[in-house]
Amino acid sequence: MAAVTFASATRIYPGAPAPAVDALDLEIADGEFLVLVGPSGCGKSTSLRMLAGLEDVDDGAIRIGDRDVTDVRPKDRDIAMVFQNYALYPHMTVAANMGFALTNAGRPRAEIDRRVRQAAEILDLVPLLDRKPRALSGGQRQRVAMGRAIVREPAVFCMDEPLSNLDAKLRVSTRTQIAGLQRRLGVTTVYVTHDQVEAMTMGDRVAVLDRGVLQQCAAPRELYDRPANAFVAGFVGSPAMNLVTAPVDGDAVSLGGVRIPLPRSVPGPTVTVGVRPEHLAPTSSGEDGLAVTVGVVEELGADAYVYGTLTGSDTPLVVRVDPRTPPAPGETLHLVPDPARTHLFDGATGDRIG
């Protein structure tokens, strides 16, 4: 096991107008489960591939433990990669797939069999060791790919969207298994996903990237409660935080009749006010506050969400409502934000205010 350090690591593809990964500075502790998340094209997979040695580092450095691996060949970095498409050999059994790297390395047969058996017991694959990949389900193939990484006993696991090919129900159960397995093994893990729910439920910390730049790296709860900027605020959370532009009025902004003090002066005439769907409540009078026209009601059993717009504008707004008495499409709701749970972002830069 080992810590991982990205020291201003940069990747620039020839002909690209901007770096795919721009001066990434990131410290990953020994044994930590760190998730890289962001929209498509943000640089998360490129960052992982730089760590694995599959992409060049044009500037900066990458270290695993005390060793600079920036120019070290992938096979000499002591990492194990789990790919999106599993990459299993169809003509080999599960046992042969899991032990392939050890066989290539010339390890004794007894050692290979022992390590494959140990990994199979951890992943509940013992009854499947003699099968071939075509006889396995998607979830079982994913576990075989995990087993192939485990038997190598690497310093670092690199996982590139390993659950993306699974159906929704299986993804939920398998992500729990992976998180539990990582904590049991204690191996430093860097995990890439575009699914922010997956990121928030699995990682010790989550690093949010956008256009090759690290926006924030923090524990899931901190990302949710104190996003560093408007991008993180709008990306983290399901449904996402509502972001509304509001004019500055002296030392405060007003939203839905609620006056929200500004912790410091801002240069622009507007700020972006962020409110999560669960922090909007009906007004006591039923008439004041933000008027929201109900568009779609999403009933999820224990929760219900209204997707609507501010009346008289096209500003979208999402509100969590009582699932037992949801409103009908076309109705108008009058809501006020909880001022203690309201976030303020600079209207020009998007940075958090206060």
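**Figure 1. The second largest pocket of the predicted model has a volume of about 240 Å³.** A pocket is an open set of points on a 1 Å grid over the protein atoms alone, where a 1.4 Å probe fits and protein lies on both sides within 12 Å along at least five of seven lines. Its volume is the space filled by probe spheres set on the points, which are joined across faces, edges and corners. Of the 16 residues lining the second largest pocket (those with an atom within 4 Å of a point), Ala281, Pro282, Val321, Leu333 and Leu335 are the closest to its centre.

**Figure 2. Strand E19 (332–337) gives the largest share of the lining of the second largest pocket, four residues.** Strands E15 (280–282) and E18 (316–321) also give two or more residues each. Strands (E, at least two residues) and helices (H or I, at least four) are DSSP runs, numbered from the N terminus.

**Figure 3. The largest pocket holds about 430 Å³ of space.** Its lining comprises 15 residues, and those closest to its centre are Ile79, Ala80, Met81, Phe83 and Arg152. Strand E6 (79–82), helix H3 (100–104) and helix H5 (138–150) each supply at least two lining residues; E6 gives the most, with three.

Residues are numbered from 1 along each chain as its sequence is written, and side-chain values use heavy atoms, with hydrogens and water left out. In this predicted model, local features need pLDDT of at least 70 and side-chain atom pairs count only at pLDDT 80 or more, whereas totals for chains, interfaces and linings use all residues.
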